[in-house]
Amino acid sequence: MTKTVVVLGAGPAGLPIAHYLLRRTAKQHPDLRVILVSPHDTFYWKFASVRFALPGQMGEEKYMVPLAECFASYPTKAFELVIGAAETLDPKRNTVGVRVGEEVREIGYHTLVVATGSRARDDMPWKETGTTEQTRAALTKLQTAIRDARSIVVAGAGVTGVEFAGELGSAYAKTGLKDVTLVGTEVLPLEPRTKDDVRRVAKHELEKLGVKYIGGARVTAEVKDDNKKKGKTVVTLTRSDGSTETLTADLVVPTHGLVPNTEFAPEAMRDGALGYLKQDADLRAPGYQNVFVLGDVGNLQPAQGVNTDAQVRHLMTQLNAYFSGEPTKPYTFDPNKVQLAISIGRDRGTGQLGSWRLWSFLVWYLKGRYLGTNHVEAYAKGDVGGAGRAWPK
Ligand SMILES: Cc1cc2nc3c(=O)[nH]c(=O)nc-3n(C[C@H](O)[C@H](O)[C@H](O)COP(=O)(O)OP(=O)(O)OC[C@H]3O[C@@H](n4cnc5c(N)ncnc54)[C@H](O)[C@@H]3O)c2cc1C
């Protein structure tokens, strides 16, 4: 009897699993049928969004690949692409409700892979904002605002904030075309789990690009002042001791905080605090042996592509055992290991691997040069994994 595997989400977690099921697992289990559900009809290479958010940096073909093309080689008997968003999940009845236009289509599954990730706040196109049209519109809006602004405040100094400020620095601040200020809650940019010397290098590299860093403060209010300041925004910064200061800018771009795409899932499957889905040690939803949770949507590890890639690779090696009804091996990882490569502008960077700080040249060579756009097509078609690495056999 056909076993339907529904994969929710076609990001770096869902897309490679769908390919792997069709290419490799189906060889041992020809009764599999894969249904891939995605509201975005293109695969979106978000790793480079900090660069293509600036006007005129790269063509859309470098970061959006039509999903229909990526899966064109599989027979319709084995594969269906559903362009829609999951709105409901009933894990007791093994069904998902997917909105396709005006209709909600109920799809039954034998196995479910939830890989719906998260989205950026305020419809920022760091990740998909909904459909491909909505992401395109968000990008155009941001690119136009950047083009027209003389002064830009980047609110949030995590990896996205540092990389985006670096791109703005390279393109504009370095030559005095625009003023760029990065605001972060910590004295140094990046998260506290990153080594101090890496964080100091990040700050120094940004300053070399003309980016001003304001640490220990958060943006707490933005008021458009059309009268006195001719359309400028008055930005209030609040420090941890409660003191405030203001600055003016033409544009404020938020880069902080992600929202998990889990509204469709029953409350009991979510972790209380932030709403991510609970994940067992074997990457399943607790209590549901046929529901896997992968990548940013899960609560096991920080939301990073390297963690998603590791989870995806692990599940790939367990699928044969799972569909054969054999025990699967647990997913293991070191919760203290920091693995980060941060591109800063067009030709510099920094990063950390365990307790090692990565050389700027290495980060530029491995990441910053292309931000992965040189592998996008092969990745989207399932031929290679992150950084061009082969998938497990
Ligand atoms: C600017 C930026 C740069 C980054 N750089 C790095 C880096 O250098 N290294 C690193 O390790 N990590 C990096 N990351 C993190 C990395 O992008 C994520 O960890 C990774 O994208 C997670 O993949 P995912 O598939 O789990 O989730 P997502 O990428 O969030 O994808 C989820 C998918 O689910 C879809 N979806 C959403 N809702 C629904 C629904 N209701 N039904 C069906 N589908 C749905 C979305 O359209 C999307 O395609 C970066 C992130 C950003 C934003």
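Two strands are taken as paired if DSSP finds at least two bridges between them. Helices (H or I, at least four residues) and strands (E, at least two) are DSSP runs, numbered from the N terminus. The model is predicted: local features need pLDDT of at least 70, side-chain atom pairs count only at pLDDT 80 or more, and totals for chains, interfaces and linings use all residues. Residues are numbered from 1 along each chain as its sequence is written, and side-chain values use heavy atoms, with hydrogens and water left out.

The protein chain contains nine helices and 23 strands. Its radius of gyration is 22 Å, close to the 21 Å given by the globule rule for 393 residues, so the protein chain is as compact as a globular protein of that length. The radius is taken over C-alpha atoms, and the rule is 2.2 Å times the number of residues to the power 0.38. Along the principal axes, the C-alpha atoms of the protein chain fill a box of roughly 70 × 50 × 40 Å.

Strands S21, S22 and S23 form an open sheet in that order, with antiparallel pairing. S21 and S23 are the edge strands, each pairing on one side only. On average, neighbouring strands of this sheet are turned by 15° against each other, direction ignored; axes are lines fitted to C-alpha atoms, for helices over the stretch in contact, and angles run from 0 to 180 degrees between N-to-C directions. Six bridges link S21 (residues 339-344) to S22 (residues 348-353), and Ile344 stands opposite Arg348 in S22. The hairpin of S21 and S22 has three residues between the strands, and Gly345 takes a positive phi near 80° there. S22 is joined to S23 (residues 356-358) by three bridges, again in the antiparallel sense, with Leu353 opposite Trp356 in S23. Two residues lie between S22 and S23 in their hairpin, where Gly354 in the turn has a positive phi of about 60°.

A further open sheet has three strands in the order S14-S15-S16, with antiparallel pairing. Strand S14 (217-225) and strand S16 (244-249) stand at the edges with a single partner strand each, so one side of each is left without a neighbour in the sheet. Neighbouring strands here are turned by 25° against each other on average, direction ignored. S14 and S15 (residues 232-239) run antiparallel and are joined by eight bridges; Val219 stands opposite Leu237 in S15.

The ligand is surrounded by 31 residues, of which the closest are Lys46, Lys127, Asp296, Gly305 and Lys367. A residue is near a molecule or strand if one of its heavy atoms lies within 4 Å of it. The shell around the ligand divides into 14 nonpolar, twelve polar and five charged residues. Ala, Val, Leu, Ile, Met, Phe, Trp, Tyr, Cys and Pro count as nonpolar, Asp, Glu, Lys and Arg as charged, and the others, Gly among them, as polar. Helix H2 (49-52), strand S6 (85-90) and helix H7 (305-323) each supply at least two residues of this shell, and H7 gives the most, with three residues.

A polar backbone atom of Gly9 is 3.5 Å from a nitrogen atom of the ligand. An oxygen atom of the ligand lies 3.5 Å from a backbone N or O atom of Ala115, and an oxygen atom of the ligand is 3.4 Å from a polar backbone atom of Gln304. The ligand exposes 1,000 Å² when taken alone, and the protein buries 91% of that; accessible areas come from the Shrake-Rupley method with a 1.4 Å probe, and for residues only the protein chains shown count as cover.

Notes: Polar contact = N/O pair within 3.5 Å; in protein donor to acceptor, adjacent residues only side chain to side chain.
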